[in-house]
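This report goes through one protein model, from ring contacts to strand pairing and overall totals. The sequence and the coordinates come first.

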Amino acid sequence: MAKAKKRKTKVKKAKRTVAVRKAKPKKSKRPLKKAVRKARATKPKTKKSVAKKAARSKLNTYKILMMGASYGSLLASKILFGGHSIHLVCLPAEADLINAEGFKVTLPVRGRSEPVLLDSRKLPGKVTAGPATGVNPSDYDLVGLCMQEPQYRSPGVRDLLDAVGKSRVPCMSIMNMPPLPYMKRIPGLDHKALEVAYTDPRVWDSIDPRKITLNSPDPQAIRPPAGRANELLVTLPTNFKCARFVDDKDTAIVRKLEKDIDAARFDAPEGKIEMPVKLRVYDSIFVPLAKWAMLLAGNYRCITPDGMRTAQEAVHSNIDESRSVYNFVNDLCVKLGAAPGDLVPFEKYAAAAQSLSRPASAARALNNGAPYIERADKLVQLIARQKALSHPVIDATVALVDARLDANRTKTGA
């Protein structure tokens with residue numbers, strides 16, 4: 001009995017000890033909390049631009065810088081449907097007009113007698129405009145290059161382009177002339193030998209090829225004859241064709257814009273209607289090069305020794321010659337790595353060219369005395385030579401444009 005009592009006493013003592021231990025607070029918890037607080041206190045503060053980008057990302061909208069308000073306003077008008085913010089870099093008078101009244105794009109819609117008028121002030125996104133100075137590219141998620149290639153050598157614009165390259169913000173070109181850094185994404189070329197086709201190749205030095213893509217400007221648009229600087233008239237409502245970036249995160253931005261533009265609907269009197277001019281994003285880097293054949297068969301052949309002619313005349317006045325040039329350029333793109341499906345057949349282009357009742361912009365600029373124009377004609381010629389190829393019509397076109405530009409430079413002293 002005595003032994004049993006002793007065992008019960010020991011058990012009771014053991015239970016009391018356990019209870020006391022459980023009741024006592026663990027000393028190790030308090031220092032741990034202090035350590036966590038200290039760690040939080042020493043966390044570096046996030047930069048404002050990064051914080052703003054994160055906030056926009058949560059809202060699924062982007063802040064986009066577009067260098068060039070003329071042709072750039074066409075793509076901008078479609079992007080604004082997604083609620084994104086766009087800042088257009090342009091001349092001061094043009095910027096003042098856009099800031100005061102927005103911009104207007106007249107867009108034909110198939111099956112509708114009257115075109116649609118897109119007024120930037122009535123779209124979900126926000127648009128502002130200003131000069132090339134005082135812009136910080138790091139504040140933006142994407143930069144669009146919407147000017148013609150010679151314009152990037154001008155003061156202010158040149159400096160902004162350099163800042164864009166150094167910022168590492170993804171850059172989407174909407175130019176007929178592919179920027180030199182984009183050409184470096186195409187393997188098997190002597191890129192140094194292509195520099196003579198550019199007005200000033202050095203303006204592209206800070207742009208990393210991995211941070212730039214090309215968006216083929218297939219839709220055709222003009223300033224209306226009696227229109228103002230903030231007005232644009234679409235004459236051929238085809239699609240923009242954009243190649244992917246090297247980086248998947250950068251590509252995700254243009255794919256998001258593609259979806260937003262697909263979903264856009266215009267509130268017309270008869271209800272919500274779908275509009276033309278989409279953005280299409282492709283994995284192939286060669287899809288935007290489909291524009292080359294169009295430029296060589298149509299745009300540059302608008303230039304004549306003593307003036308210019310319409311794109312419709314350039315293509316259809318000698319359809320066999322046009323087809324020969326067009327197919328030569330398409331075959332060259334295939335030799336560079338394009339799949340035939342990346343390119344546009346001549347018959348489809350020739351049908352579209354029937355509606356091109358004005359000379360191409362290169363021909364108009366040359367006729368107005370411009371000392372420099374985009375030289376996609378020379379770029380294609382130089383690439384063909386690297387593949388031991390040539391075409392007599394292309395060689396004649398390049399020689400003609402060279403002569404006309406030399407005459408313009410002599411007159412202007414450029």
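## Charges over rings

The charged end of Lys63 is placed over the ring of Tyr140, 4.9 Å from the ring centre. A charge counts as sitting over a ring if NZ of Lys or CZ of Arg is within 6 Å of the ring centre and within 35 degrees of the ring normal. Arg153 likewise lies over the face of Tyr372, with 4.6 Å to the ring centre.

The model is predicted: local features need pLDDT of at least 70, side-chain atom pairs count only at pLDDT 80 or more, and totals for chains, interfaces and linings use all residues. Residues are numbered from 1 along each chain as its sequence is written, and side-chain values use heavy atoms, with hydrogens and water left out.

## Aromatic pairs

The whole structure contains 4 aromatic pairs. Rings of Phe, Tyr and Trp (its six-membered ring) pair if their centres lie within 6.5 Å; planes under 30 degrees apart count as stacked, over 60 as edge-to-face and the rest as tilted. Two of the pairs are tabulated here.

| Pair | Class | Centre to centre | Angle between planes |
|---|---|---|---|
| Tyr152 and Trp204 | tilted | 5.4 Å | 50 degrees |
| Tyr326 and Tyr349 | stacked | 5.3 Å | 20 degrees |

Tyr152 is in the loop between β6 (142-145) and α6 (157-167), and Trp204 is in the loop between α7 (180-183) and β8 (212-216), so this pair links distant parts of the chain, 52 residues apart. Helices (H or I, at least four residues) and strands (E, at least two) are DSSP runs, numbered from the N terminus. Both Tyr152 and Trp204 are buried, where buried means under 20% relative accessible area, exposed over 50%, and partly exposed in between (1.4 Å probe, protein chains only).

Tyr326 belongs to helix α11 (residues 319-336) and Tyr349 to helix α12 (residues 346-353), so their pair ties together parts that are 23 residues apart in sequence. Tyr326 is buried because its relative accessible area is 0%; Tyr349 is buried because its value is 7%. Ring pairs also bring in Phe346, giving a cluster of Tyr326, Phe346 and Tyr349.

## Strand β2 and its neighbours

In strand β2 (residues 85-89), 4 of the 5 residues are buried. Strand β1 (residues 63-67) runs parallel to β2, joined by 5 bridges; two strands pair if DSSP finds at least two bridges between them. Strand β5 (residues 126-130) is also parallel to β2, again with 5 bridges.

What is the bridge partner of Met67 in β2? The partner is Val89. Val89 in turn has Gly130 as its bridge partner in β5.

Together, β1, helix α4 (residues 72-79) and β2 form a right-handed β-α-β unit. A crossover is right-handed if, with the strands pointing away from the viewer, the path from the first strand over the helix to the second runs clockwise.

Helix α5 (residues 92-101) contains Asp96, which counts as exposed because its relative accessibility is 55%. Asp96 and Thr128 are 32 residues apart in sequence, with their C-alpha atoms 9.4 Å apart in space.

## Totals

The protein has 15 helices and 16 strands. Of its 414 residues, 50% count as buried. Among contacts (heavy atoms within 4.5 Å) between residues at least 6 apart in sequence, 74% join residues at least 24 apart.
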